[in-house]
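Colleague: I have the model open and would like a close look at one part of it. Please start with the overall picture, then go to the detail.

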Amino acid sequence: MTDLDPVRAIDRLRATFGGPDRHRTLHAKGRFYAGTFTATPEAAALGRAGHLAGDPVPVVVRWSNAGGDAGVPDKVPDIRGMAVKFRLPDGTETDLLGQTSRRFPTDSPEEFVAMTEASRHQATFPLFLLRHPRMVPAILDGLRSKAVSSPRSFTERTYYPIHAYGWRDADDRLSWVRYIFVPQDTAPLAQAFGGPDRLFEEMSARLAQGPVRYDVHLQVAGPGDDPHRATSVWKHARELLGGTIEVTEELPDQDPLVFDPARVVDGIELSDDPILRYRPSAYSESISRRT
Ligand code: HEM
């Protein structure tokens, strides 16, 4: 476990970006969207949770820029976020928070906060990496896969919720599952957008033409794949299509709506991943400052 006090973590992250008080500490700039999620029969066979049965369930999506200052224009390179809230027929909810890095660089919340601080100083960031060599492969992978970039559209990117979740099937058998949100259509629109909110304007124009669809790929851990660390690279996973998210319209501001990676429903379990276990305390502290 970590000894990083969440109050201190949020103080440090907020000081790093200096954004206005009433925003999220990270992913400050974002907008909300409505749609549905429809699971495949393969997902239903693997998990008994209510949103996997195959009937469309409502979702709320929030696309975001990862920085903590909502005033930064969309053209500035950044990680992007896609948070999804699934609303089940029984009134419960479960959330998945994806971002554009397919690998997470550390299992230590303290190191994550230190890296976020250090990444704001380009000249000295290489020095930070020299002192934290274990983080380098994930950061290089992020550079190669354009995790930090300035896309023309949120739909140019794939989003990774990173953590593994335990799925129980109808017979109570457990599988460890990671998710990948893969866009169905990455083709640019004919119209170009250049303003400070260009990603959100592009999304409005795209939705005016029809729904935006994301396939939800599932990676199911094989023998030896560790579900309890954000940094683990799975070598024996099988991948299958778990369903499709179909986003149909932009919503008015939903704040103080909260996406919480530890919010699960019957049939879904949390792993012992120290990053996953730490996040709710940091998010609660962030929420208390913005609400
Ligand atoms: C120790 C590690 C982490 C810390 C301390 C952290 C911290 C935070 C905080 C404070 C917020 C704002 C919460 C709010 O005010 O509602 C946030 C938002 C977010 N985080 Fe993290 N985070 C961590 C890891 C991750 C990981 C691993 C992912 C994705 C795989 C992620 C994805 C997101 C997304 C997508 C949002 C925006 C959610 C929204 O749109 O409301 N974070 N994070």
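How many helices and how many strands does the protein chain have? And how do helix α1 and helix α3 pack, at what angle and how far apart are their axes?

Modeller: This is a predicted model, in which local features need pLDDT of at least 70 and side-chain atom pairs count only at pLDDT 80 or more, while totals for chains, interfaces and linings use all residues. Residue numbers start from 1 along each chain as its sequence is written.

The protein chain has seven helices and nine strands. These are DSSP runs, numbered from the N terminus: helices are H or I with at least four residues, strands are E with at least two. The C-alpha trace spans about 55 × 45 × 35 Å along its principal axes. A compact globule of 291 residues would have a radius of gyration near 19 Å, and the chain's 18 Å agrees. That radius is taken over C-alpha atoms; the globule rule is 2.2 Å times the number of residues to the power 0.38.

Now your helix pair. Helix α1 covers residues 6–17 and helix α3 covers residues 109–118. They pack at an angle of about 15°, with axes 9 Å apart. Axes are lines fitted to C-alpha atoms, for helices over the stretch in contact; angles run from 0 to 180 degrees between N-to-C directions. So α1 and α3 are roughly parallel to each other. The cut-offs: under 35 degrees is roughly parallel, over 145 roughly antiparallel, 65 to 115 roughly perpendicular, and the rest oblique. The crossing of α1 and α3 is left-handed. That means the near helix is turned anticlockwise from the far one by less than a right angle; clockwise would be right-handed.

Which residues meet? From α1 come Ala9, Arg12, Leu13 and Thr16; from α3 come Pro109, Val113, Thr116 and Glu117. The residues of this contact divide into four nonpolar, two polar and two charged. Ala, Val, Leu, Ile, Met, Phe, Trp, Tyr, Cys and Pro count as nonpolar; Asp, Glu, Lys and Arg as charged; the others, Gly among them, as polar. Contact requires C-beta atoms, placed from the backbone, to lie within 7 Å.

Back to the whole chain. Of contacts with a separation of 6 or more, 70% join residues 24 or more positions apart.

One backbone detail to check on screen: a cis peptide bond joins Asp255 and Pro256, with omega about 10°. Pro256 sits in the loop between β8 (238–250) and β9 (268–270). Most peptide bonds are trans.

Definitions and conventions: Two residues are in contact if their C-beta atoms, placed from the backbone, lie within 7 Å.
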